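This report describes a single protein chain for a reader who works with computed structures.

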Amino acid sequence: MELKRLFDERVSFVYGPSGAGKTVLVSRAAFELAKEGLKVVWVSFNEGKESLHNTWTSFGWDPRQISVFDYPYVPQYKETLFNQVIDLAYREKADVFIVDGVEAIVFDRATADAFVKMGIRTIVGIEARYNPMGDIADVIIRLTAKYTSHATIRRVEIRKARGVGVTTPVYYMAILPSGPVLLTDEQTPTLEERRIPPPGLLANIIREVPLGTQIALYGPYQRISAMVVDAPNSIAYVHRPYQWTYFKKAKPKLVSIYEHRRLEHYAEKLLSRYVITLDAELVPRAYRRFRSHNAVWVDIYTAPPNPSEYDYVLYVDSRRIKVEHSPEPVETPELPLQ
């Protein structure tokens, strides 16, 4: 999802509870617009300048690309603050104007018209609750956060997008060390994505696959299937203590079946090129829907999986590895096991 396309040349409103990721989501769009040479001015009534700079620096973004002005939130001076903000936007000749905490000023149709007449291309408001500005905005985005014992799952809902075709109205946001990433359940790797060899002995059958590829192995012996895909730079999720011994090169991690909610594994995936799951038939499919293109995913079954859910399906027993499903023909569809 290209955030710049949503925010560019529009009055936008982003709202949601504290901690849902409003600031980092808008920050990413702001830096994308700044890279095009637009003057981005950020007025904050919530976070201080130092806090914003620390957040941006942690993502590897250059804070100098955005001009930040922080004001104290004084509810009884909404009219005065509004005039100050108008003067600031005019004085700074902003192309993109972001107000973090729009409830601190009087923000209505007249406000929006004033900014537009000044030639400001984009106005973005950020607020914890729904604001009257939402009625005049071209784009409305609602963020929510669900806190579990394993992860924070952030939901991004595009509720209004005037003049923009939105094919997927709901995304899930993961905050990585490189910044926020929006995910869907679509598994369509692009040509631009890096290609790497599949893990373990599969590299003898399939030369390379794009990051994000999903591979299923099934057969009567999980130990042998695990041996086939055991490889360095891998993490293996196992559900029984004895399965820990199946892996000699991969890093095993003992988890319950219900710990396979997609977004909880980012820390491990950043260190791992391959993610392996044993007893995949026991893990609800919904827990594996939101898989990014940062790793190759391998699910190990004992019964045949649904081939429509995977790019590759391979059968493994004590004698051979056999390719049963692949997006294109492979040169060696079967490999004997010694």
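In the residue classes used here, Ala, Val, Leu, Ile, Met, Phe, Trp, Tyr, Cys and Pro count as nonpolar, Asp, Glu, Lys and Arg as charged, and the others, Gly among them, as polar. The model is predicted, so that local features need pLDDT of at least 70 and side-chain atom pairs count only at pLDDT 80 or more, while totals for chains, interfaces and linings use all residues. Residues are numbered from 1 along each chain as its sequence is written, and side-chain values use heavy atoms, with hydrogens and water left out.

**The second largest pocket**

A pocket is an open set of points on a 1 Å grid over the protein atoms alone, where a 1.4 Å probe fits, with protein on both sides within 12 Å along at least five of seven lines, and its lining residues have an atom within 4 Å of a point. Its volume is the space filled by probe spheres set on the points, which are joined across faces, edges and corners. The second largest pocket has a volume of about 260 Å³, and of the 18 residues that line this pocket, Ser-18, Lys-22, Thr-23, Asn-46 and Asp-100 lie nearest its centre. Helix 2 gives the most, with three residues. By class, the lining of the second largest pocket holds seven nonpolar, six polar and five charged residues.

**The chain as a whole**

The protein chain contains seven helices and 19 strands. Of its 338 residues, 52% are buried, meaning under 20% relative accessible area, as against over 50% for exposed and in between for partly exposed (1.4 Å probe, protein chains only). Where contact means heavy atoms within 4.5 Å, 64% of the contacts between residues at least 6 apart in sequence join residues at least 24 apart.

**Aromatic rings**

Rings of Phe, Tyr and Trp (its six-membered ring) pair if their centres lie within 6.5 Å, and planes under 30 degrees apart count as stacked, over 60 as edge-to-face and the rest as tilted. The count by this rule comes to eight aromatic pairs. One of them is the tilted pair of Phe-31 and Trp-61, with 5.0 Å centre to centre and 40° between the planes. This pair links distant parts of the chain, since Phe-31 is in helix 2 and Trp-61 in the loop between helix 3 (49-58) and strand 3 (66-70), 30 residues apart.

| Residue | Relative accessibility |
|---|---|
| Glu-127 | 5% |
| Gly-212 | 1% |
| Tyr-310 | 4% |

Glu-127 is found in strand 5, and its contacts, not counting residues up to four places away in sequence, include Lys-22, Gly-101 and Glu-103. Gly-212 sits in the loop between strand 11 (209-210) and strand 12 (214-218), and its C-alpha atom is separated by 9.7 Å from that of Asp-311, 99 residues apart along the chain. Tyr-310 lies in the loop between strand 16 (296-301) and strand 17 (312-316), and touches, among others beyond four places in sequence, Arg-285, Arg-288 and His-325.

Definitions and conventions:
Helices (H or I, at least four residues) and strands (E, at least two) are DSSP runs, numbered from the N terminus.
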